[in-house]
Amino acid sequence: MVRSVQALVTSTLGTSVLQSIGDYFVVGATLKLMRGEVGKGLSDAQSASEALDDAGAMDRRSSTTGDVDLGVMLALDRFRVGVVARNLTTPAFEAGDAGEVVELEREVRVGGAWASGWPGTSRLIVAVDGDVMTRETVSGDRRDLAAGVETWWLGQRFGARGGVRASTLGESRRVVTGGVSAGVT
């Protein structure tokens, strides 16, 4: 079966500006210049992986556009709550001679965190965040929820962290992560 496939590769140059509003709020914006390369064509691939390979090998058309991301955070003692929105202008990139475009969808994510030592240095941080909007992916629609924990020992010289992410739509496609850090003076 022959299917239509497309590829979008983006490069982004951005600058971020942050501003505290009183003692509890921080507002931030990232102004972005985005270059997108779009390829469209047909594929007789039998799997999503093969279709991605075919899309990656296509000739691409380049175009450049601007965009902005915005975020706001509320900090109260040991708690932080925030919202971030990406691709606010839903940037679009030219895909062909017929005026076709590929558009990046707006994304919104909310999250919260607690730390044992905020304000200041913390030995333990626990965080959770999740997508507000559904987004399309090659393997189906996703709306992710994630949680993680980080702890520091030996005077902030050794840290360990772990987390989990899963989609709340369809198959969970769970991902578990972990890591360690060591500070050397």
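**Close-up 1. Aspartate 67, a buried residue in a predicted model.** Aspartate 67 is buried because its relative accessible area is 6% (buried means under 20%, exposed over 50% and partly exposed in between, with a 1.4 Å probe and protein chains only). Its place is in strand β3, residues 61-76 (strands are DSSP runs of E with at least two residues, and helices are runs of H or I with at least four, numbered from the N terminus). Take a look at the side chain of aspartate 67: one of its polar atoms lies 3.4 Å from the backbone nitrogen of asparagine 87. The backbone nitrogen of leucine 88 likewise lies 3.4 Å from a polar atom of this aspartate 67 side chain.

This is a predicted model, in which local features need pLDDT of at least 70, side-chain atom pairs count only at pLDDT 80 or more, and totals for chains, interfaces and linings use all residues. Residues are numbered from 1 along each chain as its sequence is written, and side-chain values use heavy atoms, with hydrogens and water left out.

**Close-up 2. Glutamate 50 in helix α1.** Here we turn to helix α1, residues 48-56, where glutamate 50 has its place. Glutamate 50 counts as partly exposed because its relative accessibility is 40%.

**Close-up 3. Threonine 121 in the loop between β7 and β8.** Threonine 121 lies in the loop that runs between β7 (107-115) and β8 (124-131). With a relative accessible area of 58%, threonine 121 is exposed. Tryptophan 152 is 31 residues apart from threonine 121 along the chain, and their C-alpha atoms are separated by 9.5 Å.

Note on methods
A polar contact is a pair of N or O atoms within 3.5 Å; within protein, one must be able to donate a hydrogen and the other to accept it, and residues adjacent in sequence count only if both atoms are side-chain atoms.
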